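Here are my notes on this model, point by point. Please read them with the structure open.

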Amino acid sequence: MVSSRRVTTSDDMEISTYLEIAEELRGGQPLPREEPLGREREAVAVIDFGSQYSMLIARRVRECHVYCELLPHDAAWERVASLHPKGFILSGGPASVYDPGAPLAPDYVYESGLPILGICYGLQVLTHQLGGRVAPGMRCEYGHAILHQNATESPIFAGLPPSMTVWMSHGDRIEEVPPGFTTIAFTENSPIAAMGNGHGIIGLQFHPEVAHTPQGKTILENFLYKICGCQGTWTPGNFVVESVRGIREEVSGGKVICALSGGVDSAVTATLVHHAIGDQLTCIFVNNGLLRREEDERILNTFQRNMKMNLIYVDATDRFLEKLNGVIDPEVKRRVVGEEFIRVFEEEAARIGKVDFLAQGTLYPDVIESVSPESRASAKIKTHHNVGGLPKTMTLTLLEPLRYLFKDEVREVGLELGLPEEMVWRQPFPGPGLAIRIIGEVTRERLETLRAADWIVMNEIKKANLYRQLWQSFAVLPDVRSVGVMGDYRTYGHVVAIRAVTSEDAMTADWARLPYDLLARISNRIANEVPGVNRVVYDISSKPPSTIEWE
C-alpha cells in the first residue's frame with residue numbers, strides 16, 4: 001500500500017486554501033490562479049436532432065472555452081435549466097421538418113428569449129416553427145460551396161471576408177424566411193443560406209463545426225461571444241476548482257474507492273477526488289488478467305512514484321478468466337467484465353469498512369456510445385463496461401467527475417493537475433482489456449499470444465517516435481488460422497492483425513499511414529518471435545464504418 005496522509009477538507013474551505021493544498025500535493029508546483037467560477041457557470045445547450053456532426057458541435061464549442069452539453073430534442077426544461085444556458089444551438093439531422101412526426105425544438109427554446117443558432121436542419125426547424133417555409137430542393141447540395149454575404153451586416157460573420165468556402169450537406173431548402181428575418185448570405189444553390197432577425201436568432205444552412213468550413217471556428221466564436229455574451233471561462237483550471245468543490249459537497253464525510261486502471265481517465269479522476277477529500281479516498285487497482293505484458297508492474301510503479309494516496313492491489317486473474325470461460329459474444333464479454341469489476345470493488349470496500357462511493361473515469365464519448373438517458377436520440381454502438389456494462393444492482397453510488405469531458409479535455413486537466421506526461425499521454429486501453437482484442441473465446445494461451453504480439457507493436461511504435469502521434473496502436477488476435485511455410489514445413493497458425501489509428505476524440509478515427517519499413521519490422525518480429533503465428537495483416541478501416549476496437 002502506498003503511504004499517504006490526511007488532508008483536511010472541511011465544507012467551508014476557501015478556494016485559495018484548496019489551491020495551497022493542491023500545490024503541496026503536486027510537490028510545490030503551483031496551479032494557475034484561475035478565478036473561481038460562480039455557482040452558475042456560463043454554458044450553451046446543444047439540442048441534438050440526430051446529426052452525424054452533433055458531437056462535433058459540442059467539441060467545437062468547448063474548444064472556444066464555453067461549456068456545453070448535447071441534449072436530446074425532447075429533453076425536459078428542468079434538465080436544460082440546470083445548465084443556466086446563455087444560448088441554444090440546434091443541430092443538423094436527417095429528417096425533413098414538413099414530414100409528420102419530424103423532431104422540432106421544444107417551446108422553451110423560443111420562450112427563453114435566449115440567442116439561438118440553427119445549423120442545417122436546425123435552420124429549417126427555426127424557419128418551420130417561426131412561420132417561414134421549407135421545401136424539397138430542386139438540387140441537393142453536398143460538399144464545398146462558396147458562401148456570399150449580403151449587404152446586411154450580421155455579427156455572426158464579423159471579421160470574415162464577403163465570400164468564403166463552407167461545407168453543405170442538405171436536400172431541403174428555405175423557400176421563405178419567417179416574419180422579421182432577413183437573408184444574410186447565399187450560395188449558388190441556396191438563395192437563403194443564412195438568415196437572422198437582428199435579435200440573436202441566426203440560421204445557417206452550412207456546417208460551421210466541420211473542418212471543411214475553414215472559418216467555422218470564427219463563426220461559432222462570434223455566436224458565443226458577440227451574440228450570447230460568453231466570456232470563455234471553460235478552462236482546465238476552472239474545471240479543477242469547480243470539480244473539487246462539487247466532489248467535496250457530494251461526498252461530504254463519506255468514503256470513496258476509485259477504480260484505477262493506470263490510464264489518464266482514472267488517474268485524473270483519482271487525483272481530483274484526492275484533492276477534494278484526501279484520505280477519504282482509497283484507490284483499487286484490479287489485475288483482471290486481461291492486461292498487456294508487464295502492465296500491472298508499470299502501473300504500480302508509476303502511481304507509487306507520482307501519487308501519494310492509499311492504493312490497494314488485487315490480483316483477480318483467475319476469477320475473471322473463469323467468468324469469461326466459453327464467452328464469445330463481445331457484448332457479453334463487456335457485461336461480464338463490467339459486473340465482475342464491480343463485485344471485486346464491493347468486496348474490497350467491505351474489507352475497508354463503510355464505503356459510500358465508487359469513482360471511475362467515465363468520459364462523454366462512453367456515455368454517448370452506450371446510450372444513456374442523456375443521449376436517447378443516439379443509436380447504441382457498443383456497451384462500455386463502465387456505463388452500459390454496469391450491473392443493475394450496486395451497493396455503491398457512482399462518482400464520475402469526468403462524465404462530460406472529451407479525452408483531450410481530460411489530458412489538459414491532467415497536465416493542469418501536474419500529472420506526469422507518461423501518464424497523461426498514455427494511449428487509451430479498453431476497460432475489458434485484451435478480452436475484446438481476442439476474437440472468440442478468451443483463454444490463457446490466446447492471451448499470451450496476443451500479449452507477445454502487442455508488446456512488439458508497442459516497442460516498434462515507440463522506437464519510431466510515433467506513439468504520441470497515434471490515438472491507439474495495438475495487436476488483435478482474430479479467431480482465424482492460416483496456412484504458412486516455416487523451415488520448409490507447412491504450418492497452420494494464428495493470424496495477428498495490427499491496428500493503428502489517428503483521432504481527436506475516438507468518435508471518429510482514420511487508419512494511420514504507418515511507414516512500410518515499420519510495418520515490415522513489426523510483421524517480421526511477430527512471425528519470428530511469437531510462437532504459433534505465421535501471418536500478420538494491417539487494418540486499414542476508418543471509423544466509421546468500423547470501430548477502433550474489433551469488438
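1. Thr-491 is found in strand E17, residues 489-502. Helices (H or I, at least four residues) and strands (E, at least two) are DSSP runs, numbered from the N terminus. Thr-491 is buried at 18% relative accessible area. Buried means under 20%, exposed over 50% and partly exposed in between, with a 1.4 Å probe and protein chains only. The side chains of Thr-491 and Asn-534 make a polar contact of 2.9 Å. Such a contact is a pair of N or O atoms within 3.5 Å; within protein, one must be able to donate a hydrogen and the other to accept it, and residues adjacent in sequence count only if both atoms are side-chain atoms. Leaving out residues up to four places away in sequence, Thr-491 touches Asn-534, Ser-482, Val-483, Gly-484, Val-485 and Met-486. Contact here means heavy atoms within 4.5 Å.

2. A word on the basis. This is a predicted model, in which local features need pLDDT of at least 70 and side-chain atom pairs count only at pLDDT 80 or more, while totals for chains, interfaces and linings use all residues. Residues are numbered from 1 along each chain as its sequence is written, and side-chain values use heavy atoms, with hydrogens and water left out.

3. Ser-190 is in the loop between strand E7 (182-186) and strand E8 (194-196). Ser-190 is buried, at 2% relative accessibility. A polar contact of 3.5 Å links its side chain to that of His-170. Beyond four places in sequence, Ser-190 touches Glu-141, Met-168, His-170 and Gln-205. Ala-145 is 45 residues away along the chain, with 9.7 Å between the two C-alpha atoms.

4. Which residues of the largest nonpolar core touch the most other members? They are Phe-157 and Ile-526, in a core of 158 residues. A nonpolar core is a set of buried Ala, Val, Leu, Ile, Met, Phe, Trp, Tyr and Cys residues joined through side-chain atoms within 4.5 Å. Another core, of eight residues, lies apart from the largest one; Phe-474, Ala-506, Ala-509 and Ile-548 are among them.

5. The aromatic pairs number eleven. Trp-234 and Phe-239 form an edge-to-face pair, because their ring centres are 5.7 Å apart and their planes stand at 80 degrees. Rings of Phe, Tyr and Trp (its six-membered ring) pair if their centres lie within 6.5 Å; planes under 30 degrees apart are stacked, over 60 edge-to-face and the rest tilted. Trp-234 is buried at 9% relative accessibility, and Phe-239 is buried at 6%. Ring pairs join Tyr-67 to these two in a cluster.

6. Two charges sit over rings. Lys-462 has its charged end 5.0 Å from the ring centre of Tyr-467. Arg-468 lies over the face of Trp-425, 4.3 Å from the ring centre. The rule asks for NZ of Lys or CZ of Arg within 6 Å of the ring centre and within 35 degrees of the ring normal.

7. Helix H7 (residues 236-251) is largely enclosed by the rest of the structure, because 13 of its 16 residues are buried. Ser-252 follows H7, with a positive phi near 55 degrees. Ser-252 is partly exposed, at 40%.

8. Check the backbone too. Asn-465 is not a glycine, yet its phi is positive, about 55 degrees. Asn-465 is exposed, at 62% relative accessibility. The peptide bond between Lys-543 and Pro-544 is cis, with omega about -15 degrees. The bond from Pro-544 to Pro-545 is cis too, with omega near 10 degrees.
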